[in-house]
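Could you look over this model with me? Here are some notes, written as numbered points.

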Amino acid sequence: MKKISFIIIASVMVTLQLYAQDAKMNAFVSELMGKMTIDEKIGQLNLVTPGGAVTGSVVSSDVDNKIRNGQVGGLFGITGPDKVHKAQEIAVNNSRLKIPLLFGLDVIHGHRTIFPIPLGLSCSWDTALIERSARIAATEASADGLDWGFSPMVDIARDPRWGRIAEGAGEDPFLGSQIARAMVKGYQGANNDLTKTDVIMACVKHFALYGAEDAGRDYNTTDMSRIKMYQYYLPPYKAAVDAGVGTVMSSFNEIDGIPATGNKWLMTDLLRKQWGFKGLVVTDYTAVNEMSAHGEGDLQTVSALALNAGIDMDMVGEGFLTTLKKSLQEGKVTEQGINDACRRVLEAKYKLGLFDNPYRRMDMVRANKEILSAEHRKAARETAAHSFVLLKNDNQLLPLKKSGTIAVIGPLADSKRNMLGTWSVSGDPAKSISVLEGIKNGAGAANIVYAKGANLSDDREFAKHVNVFGTEIDFDNRSADEMLTEATTIASKADVVVAVLGEAADMTGESSSMSNIGLQESQLNLLKALIKTGKPVVIVLFNGRPMTLTWENDHAPAILDVWFGGTEAGNAIADVLFGNYDPSGKLTTSFPRNVGQIPIYYNHKNTGRPLDGNEFQKFRSDYLDVSNDPLYPFGYGLSYTRFSYSDISLSKKEISPNDKLQVRLTVTNTGNFDGEETVQLYIRDMVATITQPVKELKAFQKVWLKKGESKEVSFTLSIDDLKFYNSDLNLIYEPGDFKVFVGGNSRDVKEAGFTLTK
Ligand code: NOJ
């Protein structure tokens with residue numbers, strides 16, 4: 001009782017404190033806005049970039065003068081305490097009202113110390129580890145002059161052709177929501193106190209549904225029912241908002257025929273009114289201007305549309321800067337609308353403590369000490385090892401022995417340039433560890449020999465498309481045959497071959513959609529030649545998307561998917577290859593057998609003509625030429641050890657809406673290594689007024705088991721786990737039968753049933 005009253009008093013005090021803080025902020029901002037002209041207010045809505053990470057055709061011009069004239073609210077694309085300091089000086093010393101600038105950047109998977117790409121990170125299913133990676137990124141970025149990072153990207157994606165699948169947490173809304181929360185917490189600090197000098201304000205993106213573009217083509221149209229949005233696509237954005245994310249970025253795509261950036265239902269009705277978001281909304285790069293190409297009118301019209309929809313800040317396109325005053329005079333926008341947007345920009349600066357000290361996140365001493373520190377690199381290495389997914393390991397080929405001769409072969413074996421992956425704008429590839437280096441560091445007495453074996457691709461036109469940010473696909477002076485001969489010669493003399501194959505870093509990421517998601521022909525030829533030598537071949541696969549690996553799976557005895565592991569990728573890969581760390585990553589996207597199966601995802605509907613088993617049946621929902629199931633399902637990933645699952649025991653066979661259901665089972669490590677398993681729980685609502693998916697992830701737990709050890713794993717389900725959206729978009733439950741599944745992936749599960757009563 002005493003404890004409860006203490007909690008109540010404490011939470012009342014926190015609420016009162018927050019009110020007082022808000023009142024102080026409101027008074028400060030109101031006073032400042034009282035001094036501002038309409039031009040200065042519009043100036044605050046302008047986010048510019050002098051270059052750096054450019055993701056469109058426009059770069060802001062005359063930036064210094066605009067800052068002086070009060071025409072800039074924030075800047076992104078520069079980093080480093082000295083550079084940021086100089087830009088801030090112009091605003092603070094030379095603009096009329098001395099309002100500090102906000103400095104943003106794409107801090108996506110690490111800042112200078114690069115962690116695995118987000119898709120890889122998600123495969124760790126380890127929210128503490130993910131939070132720590134964001135914490136470290138924020139520590140480095142804030143020392144480097146930055147207040148604001150454009151992450152987390154939480155777009156659910158079911159189409160691996162889409163290059164940006166690399167930037168998110170995969171196909172599942174439950175896991176995606178957990179990861180969204182962890183990242184916001186990591187960036188903004190545990191209690192969202194943005195005045196701290198080692199935090200940055202997070203930006204959840206791309207609001208909304210950007211991952212559902214038709215045909216996996218970037219910037220393409222999306223269209224879906226509201227129920228699908230609410231149930232599968234919106235939860236991770238909502239989770240970030242609930243976690244207190246400071247800002248939201250609009251997406252490029254349209255929703256219900258209206259571009260997200262001009263979509264009032266999305267930005268105001270849903271985000272602000274239903275979800276209660278109070279922070280800043282920024283557009284994506286030139287997204288206001290792009291509404292003209294979408295067919296929504298000229299720049300003045302679309303700028304007014306965006307402001308009226310609820311957008312506060314205009315990234316790069318300057319539609320707000322150049323047209324809002326005219327629209328105000330013509331009655332197309334209101335002064336209130338401009339004031340609201342300006343207030344939210346100023347509030348963000350206030351929350352970040354910039355009015356107290358505009359230079360608070362430029363810390364040369366901290367930058368020198370912390371950036372790429374041994375501690376950060378150690379965390380990156382550990383995180384990378386947790387992100388790798390062992391897709392195949394016949395006859396326990398892995399882990400490798402630290403003896404004999406190991407041939408390390410492939411275009412990605414000695415390529416620092418490709419270790420960091422997409423969106424590592426502040427990462428220095430030269431500081432990364434290549435696979436060859438990592439293997440040499442970790443090989444003990446083994447003799448390591450190397451050959452490139454093939455170009456990453458022999459298609460020069462394709463390479464030009466990929467090499468926009470630098471040479472990731474290079475061309476050897478030797479012919480393909482000469483390279484192959486060298487590779488097979490050394491492979492024949494080795495005990496085992498490690499074939500380091502896959503994608504170049506920028507074959508995924510923005511504007512990197514692909515229609516063929518298999519290995520490039522040059523690499524497939526190399527792989528075939530290596531397998532033909534008769535030596536055991538381990539594929540170490542670099543990729544930012546699920547790839548089609550049917551041939552590889554049929555012919556190579558072992559495949560380790562390493563995504564793009566970041567600065568310490570090479571060392572982490574060696575840690576796993578040599579068994580210092582038992583791989584524990586689990587896929588967060590389904591791997592299709594071929595492109596024709598896309599979109600393919602585990603939480604699909606049953607249909608009226610479901611296929612019974614895997615064999616083709618006429619007049620059933622299937623294909624003539626390929627099975628329905630993916631090559632590797634969601635949640636899948638092997639370990640060097642093996643885990644067995646007991647049957648499920650349920651605390652009750654019937655539960656009422658107020659009950660909790662205990663789901664218990666025992667997991668045993670039956671193999672020869674200590675290891676970690678991610679135990680996954682799925683449910684299926686068997687009968688409902690809105691058709692439900694065949695499985696939905698509702699919980700997971702990571703358990704560490706010594707070899708031979710057993711542990712009981714227990715989950716508690718409540719009514720919230722059994723709810724779904726109905727046609728009125730209310731979250732409801734319906735009594736009836738449910739199934740519960742538990743297993744180490746979404747396919748191989750134990751099953752039990754229970755009934756929800758009225
Ligand atoms: C465009 C991308 O879509 C977005 O993710 C990124 O944050 C901005 N450019 C800024 O670089």
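1. Helix H19, made of residues 480-493, lies across E12, E13 and E14, and runs at about 160° to E12. Helices (H or I, at least four residues) and strands (E, at least two) are DSSP runs numbered from the N terminus. Contact means heavy atoms within 4.5 Å. Axes are lines fitted to C-alpha atoms, for helices over the stretch in contact, with angles from 0 to 180 degrees between N-to-C directions.

2. A quick word on what you're looking at: this is a predicted model, where local features need pLDDT of at least 70 and side-chain atom pairs count only at pLDDT 80 or more, while totals for chains, interfaces and linings use all residues. Residues are numbered from 1 along each chain as its sequence is written, and side-chain values use heavy atoms, leaving out hydrogens and water.

3. Helix H20 (residues 521-532) lies across E12, E14 and strand E15 (537-542), at about 170° to E14.

4. Now the sheet itself. In what order do the six strands sit? The order is E11-E16-E15-E14-E12-E13, in an open sheet with mixed pairing. Two strands pair if DSSP finds at least two bridges between them. Strand E11 (389-393) and strand E13 (447-451) are the edges, each pairing on one side only. On average, neighbouring strands are turned by 20° against each other, direction ignored.

5. Zoom in on one pairing: strand E12 (residues 405-409) and strand E14 (residues 496-502) run in the parallel sense over four bridges. Ile 409 stands opposite Ala 499 in E14.

6. On to the largest pocket, with a volume of about 1400 Å³. A pocket, on a 1 Å grid over the protein atoms alone, is an open set of points where a 1.4 Å probe fits, with protein on both sides within 12 Å along at least five of seven lines; lining residues have an atom within 4 Å of a point. Grid points are joined across faces, edges and corners, and the volume is the space filled by probe spheres set on the points.

7. Which element gives the most to that lining? H1 does, with 11 residues. The lining has 42 residues, and Leu 18, Gln 21, Asp 22, Met 25 and Lys 351 lie nearest the centre.

8. The second largest pocket has a volume of about 1200 Å³. Of its 37 lining residues, Tyr 602, His 604, Lys 605, Asn 628 and Val 694 are the closest to its centre. H8 gives the most to this lining, with three residues.
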